[in-house]
Amino acid sequence: MFQKKQMIYSETQGVCRVENIVNLSATKGAPTVAYYVLKPVYTPEKVSYIPVENHKVELRELFTEDEAKALEGTEAAEQDENLKNAINYVLHRNDKKREEDA
């Protein structure tokens with residue numbers, strides 16, 4: 001389970017921040033279901049609600065810097081804008097951290 005404020009990768013939205021985890025029900029009195037409230041980094045005007053359990057969209061932790069470097073320039077990355085943006089996000093974020101630490 002992801003945590004509130006965690007940065008993750010969604011195959012449909014790209015890099016997202018978990019803004020919240022909320023419980024929603026389809027109708028009054030119906031059982032509630034936990035949902036991630038995701039805000040995409042590259043389209044901040046959008047908000048997505050994805051069920052925590054049994055979701056059809058692939059959600060995963062962001063790539064490590066090594067994974068991002070390995071994926072950079074691959075055919076998959078060139079064909080998928082979300083993947084390409086996620087790779088750039090990870091590499092840029094880690095470059096910025098190194099600058100701050102220096």
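Helices (H or I, at least four residues) and strands (E, at least two) are DSSP runs, numbered from the N terminus.

This is a predicted model, in which local features need pLDDT of at least 70, side-chain atom pairs count only at pLDDT 80 or more, and totals for chains, interfaces and linings use all residues. Residues are numbered from 1 along each chain as its sequence is written, and side-chain values use heavy atoms, with hydrogens and water left out.

The table lists overall values for the protein.

| Property | Value |
|---|---|
| Span of the C-alpha trace along its principal axes | about 55 × 35 × 25 Å |
| Accessible surface | about 6,900 Å² |
| Buried share of the 102 residues | 30% |

Accessible areas come from the Shrake-Rupley method with a 1.4 Å probe; for residues, only the protein chains shown count as cover. Buried means under 20% relative accessible area, exposed over 50%, and partly exposed in between (1.4 Å probe, protein chains only). Carbon and sulfur atoms account for 47% of the accessible surface.

Leu24, Val47 and Tyr49 make a nonpolar surface patch of about 270 Å². Tyrosine 49 lies in strand 4 (residues 48-51). Tyrosine 49 counts as partly exposed because its relative accessibility is 48%.

Key:
Patches are made of residues with over 30% relative accessible area and no salt bridge: like charges are joined within 9 Å, nonpolar side chains (Val, Leu, Ile, Met, Phe, Trp, Tyr) within 5 Å. A salt bridge is a side-chain nitrogen of Lys or Arg within 4 Å of a carboxyl oxygen of Asp or Glu.
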